[in-house]
Amino acid sequence: MARVRVRQHVNPLSQKFQVVTTWPDWQQVYADCDRPLHLDIGCARGRFLLAMATVQPEWNYLGLEIREPLVDEANAIARERELTNLYYHFSNANLDLEPLLRSLPSGMVQRVSIQFPDPWFKKRHQKRRVVQPELVQALANALPAGAEVFLQSDVLDVQEAMCEQFAAEPRFQRTTTEWLPENPLPVPTEREVAVQNKQLPVYRALFIRQLDH
């Protein structure tokens, strides 16, 4: 399959991305909805989840991506490989996340990853970053106790900003104040491999959803 060409940067605040997504019937999407779900926000071409769905078949996987051609390409590959625990959805996570989480079976999402998100370096563009207080709040409201949120970036400012947002929500507890020396997941992203091949640092943190008091 020829690699789909898309723009690298997409403004999530532009008008065409302000329509709330219609979610599928998850019982029709996954062979077994009783499996825990790993939600990858900003999954790009989806190769990370494609590998995870094979390495950890006891999990379901859902990738959200704002560039629709990448979603279509990734779903075509998943269908070709007959993976019944993997699905990709065209979505603006800053708009769609709360209704998405409501649509899924309660307690199904056990792991969330946000990896190498678009950094939007300019200060006036930082409101376009994916990790905003509303996203953190939606996850805190929906995730069960013990669920994990894994964050990583090769841009220190972006990683620190993401961690500050999650640390400000008392229902999330960071596992350590130091950066994680290794990726706790068994599969690296394409970006992670590229960064490490250049011998550049990757900043990682893990947050755990706490019991409600």
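Below is a conversation about how the labels used for this predicted model follow from its computed values.

User: What should I keep in mind about the model before we start?
Analyst: It is predicted, so local features need pLDDT of at least 70 and side-chain atom pairs count only at pLDDT 80 or more, while totals for chains, interfaces and linings use all residues. Residues are numbered from 1 along each chain as its sequence is written, and side-chain values use heavy atoms, with hydrogens and water left out.

User: How many helices and strands are there in the chain, and what makes a run count as one?
Analyst: The chain has seven helices and seven strands. Both are DSSP runs numbered from the N terminus: a helix is a run of H or I with at least four residues, and a strand is a run of E with at least two. Read from the N terminus, the order is α-β-α-β-α-β-α-β-α-β-α-β-α-β.

User: Why is Phe-166 called buried?
Analyst: Buried means under 20% relative accessible area, exposed means over 50%, and partly exposed is in between, using a 1.4 Å probe and protein chains only. Phe-166 has 0% relative accessibility, so Phe-166 counts as buried. Phe-172, at 4%, is buried too, and Phe-207 is buried at 0%. Over the whole chain of 213 residues, 49% count as buried.

User: What makes Phe-166 and Phe-172 an edge-to-face pair?
Analyst: Rings of Phe, Tyr and Trp (its six-membered ring) pair if their centres lie within 6.5 Å; planes under 30 degrees apart count as stacked, over 60 as edge-to-face and the rest as tilted. The centres of these two rings are 5.3 Å apart and their planes stand at 70°, so the pair is edge-to-face.

User: And why is the pair of Phe-166 and Phe-207 called tilted?
Analyst: Here the centres are 5.7 Å apart and the planes are at 35°, so this pair is tilted. It links distant parts of the chain, with Phe-166 in helix H6 (residues 156-167) and Phe-207 in strand S7 (residues 203-209), 41 residues apart. The whole structure holds six aromatic pairs.

User: Which residues do ring pairs link into a cluster?
Analyst: Trp-23, Trp-26, Tyr-30 and Tyr-87. Tyr-87 lies in strand S3 (residues 86-90). Contact means heavy atoms within 4.5 Å, and, leaving aside neighbours within four places in sequence, the contacts of Tyr-87 include Trp-26, Tyr-30, Pro-24 and Tyr-61.

User: How do you know that the charged end of Arg-111 sits over the ring of Trp-59?
Analyst: The rule asks for NZ of Lys or CZ of Arg within 6 Å of the ring centre and within 35 degrees of the ring normal. The charged end of Arg-111 is 3.9 Å from the centre of the Trp-59 ring and is listed as sitting over that ring.

User: Is Asp-154 buried or partly exposed, and why?
Analyst: Its relative accessibility is 22%, so Asp-154 counts as partly exposed. Asp-154 lies in the loop between strand S5 (148-153) and H6. In UniProt, an unreviewed entry lists Lys-122 and Asp-154 under "binding site"; such annotations may be inferred rather than shown by experiment.

User: What makes Asp-154 and Arg-191 a polar contact?
Analyst: A polar contact is a pair of N or O atoms within 3.5 Å; within protein, one must be able to donate a hydrogen and the other to accept it, and residues adjacent in sequence count only if both atoms are side-chain atoms. The side chains of Asp-154 and Arg-191 make such a contact at 2.6 Å. Another joins the side chains of Arg-45 and Glu-73 at 3.3 Å.

User: Why is Arg-45 called buried?
Analyst: Arg-45 has a relative accessible area of 13%, so it is buried. Its place is in the loop between strand S1 (37-41) and helix H2 (47-55).

User: Which other residues does UniProt list for "binding site", and how do you know that they cluster?
Analyst: The unreviewed entry gives Asp-40, Glu-65, Asn-92 and Asp-118. They are spread over 79 residues of sequence, yet the largest C-alpha distance is 14.2 Å. Asp-40 is in strand S1 and is buried at 4%. Glu-65 is in strand S2 (residues 60-65) and is buried, also with a relative accessible area of 4%. The Glu-65 side chain reaches the backbone nitrogen of Cys-43 at 3.5 Å.
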